[in-house]
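Hi there,

Here is the structure I promised to pass on to you. Please have a look at it first, and then read on for what turned up when I went through it.

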Amino acid sequence: MKKVIVFGSINMDLVARSPRLPIPGETILGRDFFTAPGGKGANQAVAAARLGIPTQLVGRVGDDDFGRSLLTHLQTFGVQTEHILIDKTAHSGVAIIAVDDSGQNNIIVVPGANGQVNDTDVKNLINCLHNSAALLLQFEIPLTAVISAAKAAKTAGVKVILDPAPAQIDIPNDLYPLVDIITPNEIEAAQLVGFPVNNFETAANAASVFLQKGVGTAIVKLGAQGVCCATAESTFFVPAFPVQTVDTVAAGDAFNGGLVAAIASGRSLREAVVWGAAAGAISTTKPGAMSSMCDRETFDRFLQERDLSKI
């Protein structure tokens, strides 16, 4: 089996739970607080590794307690970390997360070492690309590094999967043709295409815009509504798996982990989208980011218990 490379952020999440999310200027009392390893790059790497896929993470942490703890957690989850640089000039990235009783959340990310990712890290990445099935990218590291990484993967013949989160409206048009698969949620898609995305029809329209920009496949995640996937040949919809939601943090990262795990396993595009939807659904049934990523046994049992012929 070919490996998966993730080039992206590594954070320590500082999570507060409260009955509801505060409105601007309001202070409310929380009920619980904990720290947990996270970051979109790290989450996606753990999601793929937990599904049994050899996974290499390339990025940075600070030379601090958070950084050391993050490396230990990643290794515990089976992620290969030898190409993670320990940056002595910056603190490890952190994400400050508020979660309410319905599982909704808002997040503030302070990049720290993630914001220092540059050509040195791209060179580390290039050393990993041999015999890789796909490269996963996100926008929690500098855009210049993302573009350089995508170019390197394209040159190496490695499939590029871009999760455009957090959304940036100033994405250069020359990035899109480097992307084989783009995976925004409805909010990110709307910000990138300039019109509301809130159902299958508008998601399909957004996907069409991404294809026109040069992306090979556009996958728009609609949360509890499901997933819209479009290529130049066809467009299809995969409904969401109904589950009891506890926490939606990192559901999108779990989706990408499931998607790339299926691709590395040689599955079809439709199967890959189903795997992504299943991994994302399972992750919402548990609190936290990395801790909500399911193992392969749980994942296989989840799919076996459902009638996939209707999907």
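**Helix H8 and its neighbours**

Let me start with H8, which has 15 residues and reaches 21 Å from its first C-alpha to its last, close to the 21 Å expected at 1.5 Å a residue. Please keep in mind throughout that this is a predicted model.

H8 (residues 269-283) is mostly covered, with twelve of its 15 residues buried. The buried set runs through Ala272, Val273, Val274, Trp275, Gly276, Ala277, Ala278, Ala279, Gly280, Ala281, Ile282 and Ser283. What do these buried residues of H8 pack against? Their partners are strands S11 (217-221), S12 (227-230) and S13 (235-238), together with helices H7 (251-264) and H9.

H8 and H9 (residues 296-304) pack at an angle of about 110°, and their axes are 10 Å apart. Angles of 65 to 115 degrees count as roughly perpendicular, and H8 is therefore roughly perpendicular to H9. The crossing of this pair is right-handed. On the H8 side, the contact uses Val274, Trp275, Ala278, Ala279, Ala281 and Ile282, while H9 brings Arg296, Phe299, Phe302 and Leu303. Sorted by class, that contact of H8 with H9 has nine nonpolar residues, no polar ones and one charged.

H7 meets H8 at an angle of about 145°, with the two axes 7 Å apart. This crossing, too, is right-handed. From H7, the residues in the contact are Ala251, Ala254, Phe255, Gly258, Leu259, Ala261, Ala262 and Ile263; from H8 they are Glu271, Ala272, Val273, Trp275, Gly276, Ala277, Ala279, Gly280 and Ser283. The contact of H7 with H8 divides into twelve nonpolar, four polar and one charged residues.

**Helices H3 and H4**

The other helix pair I went through is H3 (residues 119-126) with H4 (residues 143-156), which pack at an angle of about 25° with axes 10 Å apart. How are H3 and H4 oriented to each other? Angles under 35 degrees count as roughly parallel, so H3 and H4 are roughly parallel to each other. Their crossing is right-handed. Asp119, Val122, Leu125 and Ile126 in H3 come up against Ala145, Ser148, Ala149 and Ala152 in H4. In this contact of H3 with H4, six residues are nonpolar, one is polar and one is charged.

Buried in H4 are Leu143, Ala145, Val146, Ile147, Ala149, Ala150, Ala152 and Ala153. Just after H4 comes Gly157, with a positive phi of about 75°.

**Loops and backbone details**

Most residues other than glycine have a negative phi, and most peptide bonds are trans. Against that background, a few spots may be worth a look.

- Asn131 has a phi near 60°, a positive value in a residue other than glycine. Asn131 sits in the loop between H3 and S8 and is partly exposed, with a relative accessible area of 45%.
- Ala250 has a positive phi as well, near 70°. Ala250 belongs to the loop between S13 and H7. Is Ala250 buried or exposed? At 11% relative accessibility, Ala250 counts as buried.
- The peptide bond from Ala165 to Pro166 is cis, with omega near -10°. Pro166 lies in the loop between S9 and S10.

The loop between S9 and strand S10 (181-182) also holds Ile169, which is exposed, with a relative accessible area of 76%. Between the C-alpha atoms of Ile169 and Asp100 there are 28 Å, and the two residues are 69 residues apart along the chain.

Finally, Asn127 is in the loop between H3 and S8. Asn127 is exposed, with a relative accessible area of 57%. From Asn127 to Ile97 it is 30 residues in sequence and 34 Å in space, C-alpha to C-alpha.

Happy to talk any of this over.

Best wishes

How values were computed:
Residues are numbered from 1 along each chain as its sequence is written. This is a predicted model: local features need pLDDT of at least 70, side-chain atom pairs count only at pLDDT 80 or more; totals for chains, interfaces and linings use all residues. Side-chain values use heavy atoms; hydrogens and water are left out. Axes are lines fitted to C-alpha atoms, for helices over the stretch in contact, and angles run from 0 to 180 degrees between N-to-C directions. Helices (H or I, at least four residues) and strands (E, at least two) are DSSP runs, numbered from the N terminus. Angles under 35 degrees count as roughly parallel, over 145 as roughly antiparallel, 65 to 115 as roughly perpendicular and the rest as oblique. A crossing is left-handed if the near helix is turned anticlockwise from the far one by less than a right angle, and right-handed if clockwise. Contact means heavy atoms within 4.5 Å. Ala, Val, Leu, Ile, Met, Phe, Trp, Tyr, Cys and Pro count as nonpolar, Asp, Glu, Lys and Arg as charged, and the others, Gly among them, as polar. Buried means under 20% relative accessible area, exposed over 50%, partly exposed in between (1.4 Å probe, protein chains only). The expected span of a helix is 1.5 Å times one less than its number of residues.
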